Structure formats: C-alpha cells, structure tokens
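This report describes the fold of a single protein chain. Please examine the sequence and the structure below before reading on.

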Amino acid sequence: MTSMQKSYDSFHKNNYTDKSIFMKCPCHSGKNYDLCCGPYHKNQKLPETALHLMRSRYSAYALDLADYIIKSTHPNSPLFEKNRSDWIASIHEFSRTTQFQGLRIEFSDETHVTFYAILNTLGKDTSFREKSLFEKSGDLWCYVSPITSGRTKR
Ligand SMILES: [Zn+2]
C-alpha cells in the first residue's frame, strides 16, 4: 500500500468528506488542512510545539472535534471537566453556533501563546484575546489554562 493510499484510507475511516482533502486549514494558516492541523486531528503526528497545539485546538473547535479538545486539555487543568458527556455537549454547542473567522498569533514561546481569535456567535462578535499556558502530558502538548483573557479590541 502506498503512503498516499494509506492516508486516503485513514481519512475516510474518520468520516471526513472528500472536499476536506483540498480544504484550507480552519486555523487560518493559509495551508492545506492535510499539511497543517489535519495530521494532528487524525493522530498521524503529535504537535511539535505549544503553538502547533494551540492552532490545532482552534481548528478542532471549528470542525467540532470534541474528542481532540478533550484529549489536548491537560488532565490537571482547572478546565478539565469530569463529566465527559456534558463537556462534549458544550463543545458541540460552541462549535455549532460559532463561525471561526480568524486567528492572529501575537506572541509565543515554549509554554505560552497569546492569540486573538475572531469569532462570531449567532451574529454577535465574540472575538477575544488570550494568553494561554501549555504543558506536556506525556508526549502530548496540552492546554492548561488562560493566564489573561478578555474581550479587548483588535
Ligand atoms: Zn491548521
């Protein structure tokens, strides 16, 4: 089996549509989804840095991939929900009602990312800026918590 065939097959196993093969990544990198966050979402690769992980969480919210959001939330995070089905429902609700219009990375180092997410929820501007803390859990970079967050202007 060629590697291309293999990735095509695993793609379909994950129930992605044919269109998403050529889709631009929802993290607004300008790259093709399969060359950006796709391999992280499909467990083909681990994010190399906190920044890669952050971008892949943004695109996971945009694609309503609740399992990925949960998997990449640090088990010691104050935001880690014990009730998994409630958590999945709230991620689904957020993803379903929100348009993920833009992502601007303002700062990043090994364990921090400051970003500005341009969002619209049911017709309302819900954009926000956040400085986030990331830590590894085993081999996987994970989101821990916001350090500062707010609805500051662009
Ligand atoms: Zn991406």
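Which residue in β4 is the bridge partner of Val-113? The partner is Ser-132. The sections below place this pair in its setting.

**Model and confidence**

The structure is a predicted model. The chain has a mean pLDDT of 89, and 84% of its residues reach 70 or more.

Residues 1–15 call for caution. Over this stretch pLDDT stays under 50, and the model has five contacts there beyond four places in sequence. Where pLDDT is low, the predicted coordinates should not be read in detail.

**Overall arrangement**

The chain contains five helices and five strands. Read from the N terminus, the order of these elements is α-α-α-α-α-β-β-β-β-β.

Of the 154 residues in the chain, 21% are buried. Among contacts between residues at least 6 apart in sequence, 42% join residues at least 24 apart.

**Pairing of the strands**

Strand β1 covers residues 98–108 and strand β2 covers residues 112–121. These two strands pair in the antiparallel sense over nine bridges, and a hairpin of three residues joins β1 to β2. Within this pairing, Arg-104 stands opposite Tyr-116 in β2.

Strand β2 also pairs with β4, which spans residues 128–137, again in the antiparallel sense, through six bridges. The pair from the opening question, Val-113 and Ser-132, belongs here.

A further antiparallel partner of β2 is β3, residues 124–125, with two bridges. Here Thr-121 has Lys-124 as its bridge partner. The hairpin of β2 and β3 has two residues between the strands, and in this hairpin Leu-122 takes a positive phi near 50°.

**The nonpolar core**

How many residues does the largest nonpolar core have? This core has 21 residues, and those with the most contacts inside it are Cys-37, Ala-50, Met-54 and Phe-134. The elements that give two or more residues to this core are α3 (50–62) and β5 (140–150). Helix α3 gives the most, with seven residues.

Which residues does Phe-134 touch, leaving aside those up to four places away in sequence? Phe-134 touches Ala-50, Leu-53 and Met-54, together with Thr-111, Val-113, Trp-141, Cys-142, Tyr-143 and Val-144. Val-113, one of these contacts, is also the residue whose bridge partner in β4 is Ser-132. Ala-50 and Met-54, likewise touched by Phe-134, are themselves among the core residues with the most contacts.

Key:
Residues numbered from 1 in each chain as written. Predicted model: local features only at pLDDT ≥ 70, side-chain atom pairs only at ≥ 80, totals over all residues. Pairing = 2+ DSSP bridges. Helix = DSSP H or I, 4+ residues; strand = E, 2+ residues; numbered from the N terminus. pLDDT = per-residue confidence, 0-100. Contact = placed C-beta atoms within 7 Å. Buried ≥ 20, exposed ≤ 12 C-beta atoms within 10 Å, placed from the backbone. Core = buried A, V, L, I, M, F, W, Y, C linked by C-beta atoms within 7 Å.
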